[in-house]
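Please have the sequence and the coordinates open before starting.

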Amino acid sequence: MNNPQHIDLGSLREMARGDNRFIEKMLLVFSENTPSLLNTLETSVRENQQETIAVTAHRMQPGFHYVGRNDIREMLHTLEHKTADLSADEMLGITRKISSETALILTDIHETLTELRSE
Amino acid sequence: MQSLIVDDDEMVRIDIEKRIRNMPGLQFAGSCANATEAAGILMNTKIDLVFLDVQLPDMNGLQLLKLLDNKRPNIILITSKKEYAAEAFDYEVADFLVKPFTDERFLKAVLRASRIRQSNPDTAVPDHIFVRVNSVLEKINLADILFIEALADYVQIQTHKQRYVVHATMKSLEQSLESGRFLRVHNSYIVRLDQIARIEDNSIVIGDKLIPVSRAKLKLLLEQINLLKNQ
């Protein structure tokens, strides 16, 4: 049985109350929407577009909560609220961390979706 | 209550839709991602309750409230920023949910909205229903109902005094009964929460009747019971 390392489905399972289609729908939405949002975030950080950083970071947070990664959500919260306090290098560092973790999360989600669809 | 979701995040909309569909007394009326679409729906559809995100792409949710007239539906604001709470107070919303929120917190907000609706003479849910028994219309006070049981094409409404066998569906009755006071605990049973004598494993006891509770509803039942105890 799939044992994802980079996501925690506890919260989604509790919400789903046995409805795997719900879990599948949520994971699908995350995997479809997050890459383009991440792309926007990376571009705006590189170009120091503070408003876009804040708006995009805000939009990305709920998804990471649902897949059980509140640590990433906190990093996004920092980017949303502390763009004026962080240096360009600091923002870049945070964004790279989010990016590398997201790649691992998406791999786990892909495997989880495959397993859910085979049930 | 016909319920509308207004939030630009698709996962949040799916989340809240699920909660609405699991909540007795709430009916999912639709969802949208911006204030413009929401305004259009509210002008053309009877909506009783709106779950409204504050930060929308085209307009602040509070600005949308300003545009709605005095006969607007009950509003539950949802946001990730606690700072909006003070401002929301000025708009007389039913409640304010900070994301992420628990099932219990969601239920409390819905019950608040339901109580506000009940206290408004224009929107209060009647405290009785009329049912056809044989060829006679009988009035049944909701306060007298103990539980309702499905019987093939009929339902049996058990009150303190008697039993009514009525040609109706469980779904239609569920929609007539106020969430927070009644709960459908099983495909075949709706119970009045304050009449539950005790809960044993996956069953509840009302009077001398043992009523099964489905696994899916047990958690919701326990949350509602706890809320009754804590109010």
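**Exercise 1.** At what angle do helix 2 of chain A and helix 5 (residues 88-118) of chain A pack, and how far apart are their axes?

*Solution.* The conventions come first: this is a predicted model in which local features need pLDDT of at least 70 and side-chain atom pairs count only at pLDDT 80 or more, while totals for chains, interfaces and linings use all residues. Residues are numbered from 1 along each chain as its sequence is written, chains are lettered from A and ligands numbered from 1 in the order in which they are written, and side-chain values use heavy atoms, with hydrogens and water left out.

Helices (H or I, at least four residues) and strands (E, at least two) are DSSP runs, numbered from the N terminus. Axes are lines fitted to C-alpha atoms, for helices over the stretch in contact, and angles run from 0 to 180 degrees between N-to-C directions.

With these terms, helix 2 of chain A and helix 5 of chain A pack at about 160 degrees, and their axes lie 10 Å apart. The two helices are therefore roughly antiparallel to each other, a label given to angles over 145 degrees, whereas those under 35 count as roughly parallel, 65 to 115 as roughly perpendicular and the rest as oblique.

Helix 2 of chain A passes helix 5 of chain A in a left-handed crossing, in the sense that the near helix is turned anticlockwise from the far one by less than a right angle, clockwise being right-handed. The residues of this contact divide into 16 nonpolar, 7 polar and 4 charged; here Ala, Val, Leu, Ile, Met, Phe, Trp, Tyr, Cys and Pro count as nonpolar, Asp, Glu, Lys and Arg as charged, and the others, Gly among them, as polar.

**Exercise 2.** Describe how helix 2 (residues 20-46) of chain A packs with helix 3 (residues 50-66) of chain A, and then how helix 2 of chain A packs with helix 1 of chain B.

*Solution.* Within chain A, helix 2 and helix 3 pack at an angle of about 155 degrees with their axes 9 Å apart, which makes helix 2 of chain A roughly antiparallel to helix 3 of chain A. The crossing of helix 2 of chain A with helix 3 of chain A is left-handed.

Contact means heavy atoms within 4.5 Å. On the helix 2 side of chain A, the residues that meet helix 3 of chain A include Met26(A), Phe30(A), Leu37(A) and Leu41(A), and those on the helix 3 side include Ile53(A), Met60(A) and Phe64(A). By class, this contact has 11 nonpolar, 6 polar and 1 charged residues.

The crossing of helix 2 of chain A and helix 1 of chain B is right-handed. Phe22(A), Lys25(A), Met26(A), Val29(A), Phe30(A) and Asn33(A) meet Glu10(B), Met11(B), Ile14(B), Asp15(B) and Lys18(B), and by class the contact has 6 nonpolar, 1 polar and 4 charged residues.

**Exercise 3.** What is the strand order of the open sheet of 5 strands in chain B, and which helices pack on the sheet?

*Solution.* Two strands pair if DSSP finds at least two bridges between them. The order is 2-1-3-4-5, with parallel pairing, and the edge strands, each pairing on one side only, are strand 2 (27-32) and strand 5 (95-98) of chain B. Neighbouring strands of this sheet are turned by 20 degrees against each other on average, direction ignored.

Strand 1 (residues 2-6) and strand 3 (residues 49-53) of chain B run parallel and are joined by 4 bridges, with Leu4(B) opposite Val50(B). Helix 1 (residues 10-22) of chain B packs on the sheet, touching strand 1, strand 2, strand 3 and strand 4 (74-79) of chain B, and its direction makes about 170 degrees with that of strand 2 of chain B. Helix 5 (residues 103-119) of chain B also packs on the sheet, where it touches strand 3, strand 4 and strand 5 of chain B.

**Exercise 4.** Which strands of chain B does strand 12 of chain B pair with?

*Solution.* Strand 8 (residues 145-151) of chain B runs antiparallel to strand 12 of chain B and is joined to strand 12 by 3 bridges, with Glu149(B) opposite Tyr189(B). Strand 11 (residues 182-186) of chain B pairs with strand 12 of chain B in the antiparallel sense over 4 bridges, and these two strands form a hairpin with 2 residues between them.
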